[in-house]
Amino acid sequence: MLFKPTLLNFTPNKELRWLGRLFIPGLFDGEHIFELISNNDGTTTFIQREKFYGILVPLLKNSLGNIKAGFELMNEKIKEIREKKL
């Protein structure tokens, strides 16, 4: 499925946030957020989350659990790539 998300926020080294929509606004919208939080000890906490809105969300709620597995795989790959560069 091809999405053309709208960039909502980009703050270097802090946050990337976008909004993707299924066909028309309010039908099934997903706001995807990546956050980087400094732990002030040379490490960073990475948070990835998504908020869903729209009239189809209750109907698709059971299938949204599959997204979590994809996020976890992506997070592991990001960690792997980053740690190789250190």
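## Exercises on a predicted model

Lysine 84 is exposed, with a relative accessible area of 63%. The coordinates come from a predicted model.

**Exercise 1.** Classify lysine 84 as buried or exposed, and state in which helix it lies.

*Solution.* Step 1: the relative accessible area of lysine 84 is 63%. Step 2: the exposed class begins over 50%, so lysine 84 is exposed. Step 3: lysine 84 belongs to helix α2, which spans residues 65-85 and has a mean confidence of 84, the lowest in the protein chain. Step 4: for the protein chain, the mean pLDDT is 89, and 98% of the residues reach 70 or more.

**Exercise 2.** Find the separation of the C-alpha atoms of lysine 84 and arginine 49.

*Solution.* Step 1: along the chain, the two residues are 35 residues apart. Step 2: their C-alpha atoms are separated by 24 Å.

**Exercise 3.** Determine which strands pair with β3, and in which sense.

*Solution.* Step 1: β2 (residues 15-21) is joined to β3 by 7 bridges, and the two run antiparallel. Within this pairing, leucine 19 has glutamate 31 of β3 as its bridge partner. Step 2: β4 (residues 44-53) pairs with β3 over 10 bridges, again in the antiparallel sense. Step 3: β3 and β4 make a hairpin with 5 residues between them, and asparagine 40 in the turn has a positive phi of about 60°.

**Exercise 4.** Explain why β3 is described as largely enclosed.

*Solution.* Step 2: buried means under 20% relative accessible area.

How values were computed
Residues are numbered from 1 along each chain as its sequence is written. This is a predicted model: local features need pLDDT of at least 70, side-chain atom pairs count only at pLDDT 80 or more; totals for chains, interfaces and linings use all residues. Side-chain values use heavy atoms; hydrogens and water are left out. Buried means under 20% relative accessible area, exposed over 50%, partly exposed in between (1.4 Å probe, protein chains only). Helices (H or I, at least four residues) and strands (E, at least two) are DSSP runs, numbered from the N terminus. Two strands pair if DSSP finds at least two bridges between them. pLDDT is the predictor's confidence in each residue, from 0 to 100.
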